[in-house]
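Here is a short walk through one structure, meant for a reader seeing it for the first time. Please keep the sequence and the view at hand while reading.

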Amino acid sequence: PGVCVTTAVYRDVCANVGLDFRRDWQHARRLPAGRREVALAEARARLAAFSWPAQWSVDLQEGIANVRTGPIPSWAIRSSATNEDTGDASGAGLYRTELGVGQGDIAEAVRRCWESLWEDRVLGYYPANSANESVPAMAVIIQPMVAARVSGVAFSRHPVTGCVDEVLINAVPGLAEPLVSGRMAPDEYVVRRGGSGRFEYVSQRRVTAKPYMMRLTPGGTVLDPLAAEEGLRPSLTDDEAVQLAALVQEIEKALGLPVDVEWAL
């Protein structure tokens with residue numbers, strides 16, 4: 001469950017603070033590096049000065065209230081730009097996502113996601129790596145945090161070999177942020193399809209040394225060091241990996257295309 005602050009809201013905000021989100025973004029992309037950062041800093045400063053209208057705050061609180069089914073200690077505020085995960089570019093990690101956000105800080109976290117679209121690393125990435133010249137807009141997803149025991153990313157087809165009979169699972173203890181930000185090497189499981197046509201067994205397993213885990217606390221997220229023995233413990237059992245592979249295949253079948261799926265237990 002969650003709430004989406006749509007791209008229409010982002011466009012309205014840009015207009016409110018005097019940003020032409022298409023023209024100004026394209027103009028900044030064409031500037032040399034030094035001048036570009038000045039222009040981007042000015043755009044971020046304009047967004048930082050935006051004041052939420054009272055009705056928007058009411059709408060946001062109503063949306064959050066509809067998500068709540070009980071006490072929620074904190075929230076994930078996740079950027080979702082329109083130029084992420086296209087056919088010719090990934091964009092993973094370019095934009096801001098905030099974890100463990102208290103309810104009173106959600107609006108400011110949404111603003112910081114908008115600002116992250118106007119970062120030099122974003123404009124520097126797409127001209128070199130994407131044929132897509134469309135100007136991005138930013139939606140923001142608001143979701144309750146999950147106090148994960150283990151989490152990661154699963155690929156419905158092996159992303160290296162392309163094999164349709166293999167699901168690749170990356171897993172780390174706790175929250176997956178250290179994995180998706182590239183700060184931690186995950187445990188890796190390859191689940192193979194058996195004679196029944198179902199994904200039945202783990203054919204390859206690589207367990208890494210994991211120095212810490214990210215854990216959710218009432219005050220937000222913390223990094224807990226892991227003892228050497230604990231850090232070498234597999235994140236998943238084989239049974240859990242097989243069950244996860246089956247779920248990922250259901251998602252591929254429903255969507256009709258290969259998928260990479262963020263998951264948590």
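The paragraphs below take up confidence, then a sheet, then one of its strands and a helix.

The model is predicted. Across the chain the mean pLDDT is 90, and 94% of the residues reach 70 or more. Confidence is lowest in helix H6, residues 120-129, where the mean is 73, and highest in strand E6, at 97.

Strand E6 belongs to an open sheet of 5 strands in the order E8-E7-E6-E5-E11, with antiparallel pairing. At the edges are strand E8 (199-206) and strand E11 (260-264), each of which pairs on one side only. On average, neighbouring strands of this sheet are turned by 25 degrees against each other, direction ignored. Strands of a sheet pair through backbone hydrogen bonds.

How many of the residues of E6 are buried? The strand is mostly covered, with 8 of its 8 residues buried. In a regular strand the side chains alternate between the two faces of the sheet. In E6, Glu166, Leu168, Asn170 and Val172 point one way, while Val167, Ile169, Ala171 and Pro173 point the other way, and all are buried.

Helix H9, residues 238-255, lies across E5 (150-155), E6, E7, E8 and E11. Helix H9 runs at about 115 degrees to E8.

Definitions and conventions
Residues are numbered from 1 along each chain as its sequence is written. This is a predicted model: local features need pLDDT of at least 70, side-chain atom pairs count only at pLDDT 80 or more; totals for chains, interfaces and linings use all residues. Side-chain values use heavy atoms; hydrogens and water are left out. Two strands pair if DSSP finds at least two bridges between them. Helices (H or I, at least four residues) and strands (E, at least two) are DSSP runs, numbered from the N terminus. Axes are lines fitted to C-alpha atoms, for helices over the stretch in contact, and angles run from 0 to 180 degrees between N-to-C directions. Contact means heavy atoms within 4.5 Å. pLDDT is the predictor's confidence in each residue, from 0 to 100. Buried means under 20% relative accessible area, exposed over 50%, partly exposed in between (1.4 Å probe, protein chains only).
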